[in-house]
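This report describes selected strands, salt bridges and surface patches of one protein model. The sequence and the structure are shown first.

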Amino acid sequence: MEQLKVDDVKKLNVEEAFKKLESSNKGLSSEEAKKRFSQFGPNSLPEKHKSVILRFLGYFWGPIPWMIEIAAGLSLVIKHWTDFFVIFALLLFNAGLGFWQEMKASSALDALKAQLALKAKVLRDGKWLEIEAKEIVPGDVIKIKIGDIIPADIKLVEGDYVSIDQAALTGESLPVSKKSGDICYSGTIVKQGEMLGLVSATGQNTYFGKTAGLVSEAGATSHFQKAVIHIGDYLIYLSLGLVTILIIVELLRGEHFLTLLQFALILTVASIPVAMPAVLSVTMAVGALVLSKKKVIVSRLESIEEAAGIDVLCSDKTGTLTQNKLTLGESVLFDAKDDQELIFNAALSSENDTNDAIDLTVLSGVKDKDALKSYKLKKYIPFDPVRKRTEAILANPDGKEIDVTKGATQVILDLCKPSEEVRKKAEEKIQEFAEEGYKTLGVAKKSDGTQWQFLGIITLFDPPREDSADTIKQATEHGVKVKMVTGDNIAIAKEISGKLGLGKNIQTVTNIFKTDQEIQHPGKRIERVVEDADGFAEVFPEHKYGIVKALQASDHITGMTGDGVNDAPALKQADLGIAVSGATDAARAAADLILTLPGLSVIINAIAEARRIFERMNSYAMYRIIETIRIMFFVVLAMLVYNFYPISSILIILLAFFNDVPIMTIAYDNTYLSKKPVRWDMHRVLSVSTTLGLIGVVETFGILVIARDVLHLNIHQIQTFIFLKLAVAGHLTLFVTRTKGPFLKKPYPAPILLWSAVATKILATLFVIYPMGLVAPISWANAGLIWAYCIVWIFIEDWAKLLVYRRLDHKGGKEYNRFTSIIKHPLNKHMG
């Protein structure tokens, strides 16, 4: 048995295809499926995996490694053996650290991908099972329905029809209708209908697999990453500019060229943000893993930044704001004799093997379930957002054909065309129930092609989730406006909205969008109405797209939830598309976040976590700018003023060692949770960073003067002295930048960040006192002086930070005054 090519399958009829694939309409046995899996492999495209060795060696190739390698070579030329070995160690350290971070981020992403794996319904051993799509084999019989991404090439063998969106493969803008005997390709999306298909090819043998080489996947760079890359470029240019000035001046003073070049290279490497890409990717990957434990799967890491900036969240009502646990209420009878006849006919138009909440509720209301088995299903048309009803054609126990349908009551009324009196009574009942928060379903029936009979109305109640009102309040307190989106009528929407505390300014979308053109290009009127609304009723999926566009035009970073195939355009358009629990494959594929638990609290928790992740990246970016300004400006200034190296090459390298290890732990830090949505603010970051960086230059120059003119240390001791000062002050500055309030107040640093910083500073202190001949030692007293000096200056830096934030925020001096009291009484306030 072999997999079939598309052209070969097209030539075969259904019976011939089953025969060729050695299968039947009962599917494969589990044993046969295992054999075929061993023969054909997983139903997935082969991934190109670069060998671990090549990935590691890649860290020795590139502008930064080249600079370190040239510096090592120059050390050999001028016979500075100690420098050579330490520089070589730095090269290995940078490579090892980058490689470890890449592997860590990669494993995190692999874990997330595993949770995003597509599922498929397959017929094995005569039973329907849900398995991972990669386990499908040729000859399997699978079920496809609205919203599914077709997992393999299939030949349709049973069912009425399906409408397939194959634009991704063929470029066709409109869905294509397919019937039994037609071919559906892997990767296309079911827009309507439900059918059975025989798998003809899997993995790279599918039509999609053969054309995948022509498709490239582009990873968008987020606003934050672009900003940080710009900062990195700026710091590189600044460093190179200062180093160039240094080289020219020192050469004019007669300095040895190779020694100066070696020092300049090492200084540049230490100053530019070498670890920035690794820190960012690991921070986001670790954050994504944290979110996955909170039942939120991130499909695109960059979306974490968008989640941090969300200020409007459009949330589906059913299942997110409500429990999606429907209960049957009072029935309204028209042509039905009693409640059971009405519910029985509604059950006949429901699916048995389904997770649909409405179908399950209706089926649970049938008393004589055995009677359902006496009806033979001939054809079933599932619910879709356009028709808004289900329909089943069956043979009754007498063999006569009947047709039953249930769905939106207005749709069923239009189908039945009842008298004005009946319609008026039905509409009054719909409104009456809606005002009490009940959803209504119309039920109709016809026999042997006669006119539809309107049997009556079933009522369903879906109570609000117990935590929804509190969660909405929390969201509001954190600057996120929640707007309800529902297909229900305006009376139900107002009732539920009022119970949840969302407000009752609910707009029907037909009053907002008058034409399809307005959905695509909403004007100022629509923007104002949408922005002011508390929610939207009678919404079709296409309206969600218009709502998102209108909010974005009003400069809102917008989140939109969805679960259906037709929600995909809105989810893609939204800054943060959220596929809710139980969403279709198509919605999941279009979304940035995928929920595995229902409820609004899951989304709000995800937004809060995203803000924490953003703050970690933000504080790292500020720390990196400050350190570059501090080191580069100080070293260049000191050499221009005093004409000697204030820190040696080997000590700059060791400084990189001591600084880079703890900074990687920032991905796990405790952070301040902003009460407002956070966006990248370059002016704010540069204002704070430049201020603290220049203060760092002043404080470092000050201790240089003390070492040279007060303590009268020699040049080699001064270099060791300055090394310890830069090492200690570096991470104290990180503790300042990681919070917008006083650094001694909550949120306190995560233990891993605190103790990694403390441990490396203790090691640095022990090193300068007992340097093992690598550098000139300094005394315990001098080391103690440096620690005391740095601790005093950290309070000055913190005070300056609060002053800058106060000026930027245009607020009163509450934070400043509280901090001033801490400075005045630090021991009284913080002892114990």
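## A partly exposed glutamate and its patch

Glu 435 is partly exposed, at a relative accessible area of 47%. Here buried means under 20% relative accessible area, exposed over 50%, and partly exposed in between (1.4 Å probe, protein chains only). The model is predicted: local features need pLDDT of at least 70 and side-chain atom pairs count only at pLDDT 80 or more, while totals for chains, interfaces and linings use all residues. Residues are numbered from 1 along each chain as its sequence is written, and side-chain values use heavy atoms, with hydrogens and water left out.

Glu 435 belongs to helix H18 (residues 420–435); helices (H or I, at least four residues) and strands (E, at least two) are DSSP runs numbered from the N terminus. Together with Glu 330, Asp 338, Asp 339 and Glu 436, Glu 435 forms a patch of negative charge on the surface. Patches consist of residues with over 30% relative accessible area and no salt bridge, like charges being joined within 9 Å and nonpolar side chains (Val, Leu, Ile, Met, Phe, Trp, Tyr) within 5 Å. Asp and Glu count as negative and Lys and Arg as positive; His and the chain ends are not counted. The place of a charge is taken as NZ of Lys, CZ of Arg, CG of Asp or CD of Glu.

## Nonpolar surface patch

Ile 762, Leu 763, Leu 766, Tyr 770 and Trp 780 make a nonpolar surface patch of about 540 Å². Accessible areas come from the Shrake-Rupley method with a 1.4 Å probe, and for residues only the protein chains shown count as cover. Helix H31 (residues 751–769) contributes the most to this patch, with 3 residues, whereas Trp 780 is in helix H32 (residues 780–809).

## Covered strands

In strand S7 (residues 189–201), 11 of the 13 residues are buried. S7 pairs in the antiparallel sense with strand S3 (residues 141–145) over 5 bridges and with strand S4 (residues 153–165) over 10 bridges; pairing requires that DSSP find at least two bridges between two strands. Ile 144 stands opposite Met 195 in S7, and Lys 155 has Leu 198 of S7 as its bridge partner.

In strand S20 (residues 558–562), 5 of 5 residues are buried. Thr 558, Met 560 and Gly 562 point one way from S20, and Gly 559 and Thr 561 the other way. S20 runs parallel to strand S9 (residues 312–316), with 3 bridges, and to strand S21 (residues 576–579), with 4 bridges. Met 560 stands opposite Cys 314 and also opposite Gly 577 in S21.

## Salt bridges

The count of salt bridges is 36, each being a side-chain nitrogen of Lys or Arg within 4 Å of a carboxyl oxygen of Asp or Glu. Asp 140 and Arg 124 form one, with the closest N and O atoms 2.8 Å apart. Asp 140 lies in the loop between strand S2 (127–132) and S3, and Arg 124 in strand S1 (residues 119–124), so the pair ties together parts 16 residues apart in sequence. Asp 140 is buried at 0% relative accessibility, as is Arg 124 at 10%.

In helix H27 (residues 600–642), Glu 627 and Arg 630 lie 3 residues apart, about one turn of the helix, and form a salt bridge with a closest N to O distance of 2.9 Å. Salt bridges that share partners join Glu 627, Arg 630, Glu 699, Lys 725 and Glu 797 into one network.
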